[in-house]
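Welcome! Please take a moment to look over the sequence and the 3D structure below, and then read on for a short tour.

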Amino acid sequence: KLTSLALQPVITPELVQGRVHLKCTYSRPSSKLPLQYVVVWSRLSTHSRKEQIQRDTTLQSFAYVEMNGANLQLGDTVFCAVTAFTRDTPEQQSLPEESKGFYAGLKFLPESLQIAEDGKEHVLTILSTVPIACPEHDDSCKITLQLSTEDLGKNSQLLGPPDIALSACQVDLLRAPCSESSCAAAALTVTAVTDFAQDGNRVSRIRAEPVGQRDLLWRAYTPKDVKVTVRDLPTGNCYSFTDPHIITFDGW
């Protein structure tokens with residue numbers, strides 16, 4: 001019997017003929033027996049259940065699946081499970097070994113922000129875990145994201161515009177060699193607006209939407225929002241009344 005062979009499958013993203021693929025790589029055991037491998041690809045469905053999307057039988061120590069925007073889309077978490085068996089006796093199978101989940105899409109670092117109305121700038125990094133393909137006859141290997149903010153509070157209509165300001169309305173994710181789960185990245189700063197109003201702590205969200213994309217994979221993708229909590233700080237006041245009475249910011 002073939003027992004656990006320490007295949008240790010790992011998923012990495014790759015461009016194959018200009019299209020985004022995921023590659024499942026595993027170690028080939030130093031077995032004298034001629035081995036074949038069954039690679040089962042699955043994705044996490046909305047109800048956190050794994051659904052199978054592809055099954056390959058191969059002699060190689062790797063297998064590919066294409067992110068075609070149909071059975072595999074941006075925003076999916078993908079797994080590959082590998083089973084080895086001998087070609088002469090296919091009933092002799094090893095135990096299936098599964099990779100860690102690979103999240104394909106945009107990530108925000110940090111995933112949420114807690115900031116104060118103190119004028120400080122906070123850096124928000126947006127990165128893509130998959131490489132960005134270049135359209136045909138076009139050297140611009142980038143994804144343009146339109147950024148917007150929205151107040152999530154119950155009294156958002158009464159309180160006016162959101163409590164946060166962004167350093168840019170659009171950012172470009174430019175393709176770079178994939179390293180440490182980032183194939184493209186952009187950074188912007190988020191600042192809490194000092195509004196001179198005692199309006200309590202407010203929650204807003206930042207949305208990023210791909211614009212002007214001909215690529216179906218990106219066109220049909222809506223990334224997760226980033227939640228930003230703004231801590232209200234008391235504002236100083238100074239008064240001048242009759243003559244010459246002045247009460248300063250610090251109460252003198």
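## Salt bridges in the model

The structure holds 11 salt bridges. Please keep in mind that this is a predicted model. As background, side chains of opposite charge can pair when their charged atoms come close. Three of these pairs make up the next part of the tour.

## A pair between two strands

Start with D172 and K142, which form a salt bridge whose closest N and O atoms are 3.4 Å apart. D172 belongs to strand β14 (residues 170-179) and K142 to strand β12 (residues 142-151), so this pair ties together parts that are 30 residues apart in sequence.

Are these two residues buried, exposed or partly exposed? D172 is partly exposed, with a relative accessible area of 33%. K142 is partly exposed too, with a value of 31%.

## A buried pair

Next come R202 and D163, whose side chains meet in a salt bridge at 3.3 Å from N to O. This pair links distant parts of the chain: R202 is in strand β16 (residues 202-211), while D163 is in the loop between α1 (156-159) and β13 (164-166), 39 residues apart.

Here the accessibility values point to burial. R202 has a relative accessible area of 4% and is buried. D163, with a relative accessible area of 1%, is buried as well. Both count as buried because the cut-off is under 20% relative accessible area.

## A pair within a network

D225 sits in the loop between α2 (216-219) and β17 (226-231), and R207 sits in strand β16, so the pair ties together parts that are 18 residues apart in sequence. At 30% relative accessibility, D225 counts as partly exposed, and R207 counts as partly exposed at 26%.

Which residues do salt bridges with shared partners join into one network? They are E150, R205, R207 and D225.

## Two domains

Now step back to the chain, which is divided into domain 1 (10-104) and domain 2 (106-231). The C-alpha centres of domain 1 and domain 2 lie 32 Å apart.

How many residues of each domain are in contact with the other? Domain 1 has 14 residues in contact with 15 residues of domain 2.

## Where the domains meet

The area buried between domain 1 and domain 2 is about 1,200 Å², and carbon and sulfur atoms give 76% of that area. On the domain 1 side, L15, L74 and Y103 lose the most area to domain 2, and together they account for 54% of what that side buries.

What about charged and polar pairs here? The number of salt bridges between domain 1 and domain 2 is 0. Across the interface of domain 1 and domain 2, there are 3 residue pairs in polar contact, with both residues at pLDDT 80 or more.

## The domain 1 side, piece by piece

Two strands can be named on the side of domain 1 that touches domain 2: β1 (10-16) and β8 (102-103) each supply at least two of its residues. β1 gives the most to this side, with 3 residues.

Sorted by class, the side of domain 1 that touches domain 2 has 9 nonpolar, 4 polar and 1 charged residues.

Terms used:
Residues numbered from 1 in each chain as written. Predicted model: local features only at pLDDT ≥ 70, side-chain atom pairs only at ≥ 80, totals over all residues. Heavy atoms only, no water. Salt bridge = Lys/Arg side-chain N within 4 Å of Asp/Glu carboxyl O. Helix = DSSP H or I, 4+ residues; strand = E, 2+ residues; numbered from the N terminus. Buried < 20%, exposed > 50% of the residue type's maximum accessible area, 1.4 Å probe, protein only. Domains from an automatic or database assignment. Contact = heavy atoms within 4.5 Å. Buried area = accessible area lost by both parts, 1.4 Å probe. Polar contact = N/O pair within 3.5 Å; in protein donor to acceptor, adjacent residues only side chain to side chain. Nonpolar A, V, L, I, M, F, W, Y, C, P; charged D, E, K, R; others polar.
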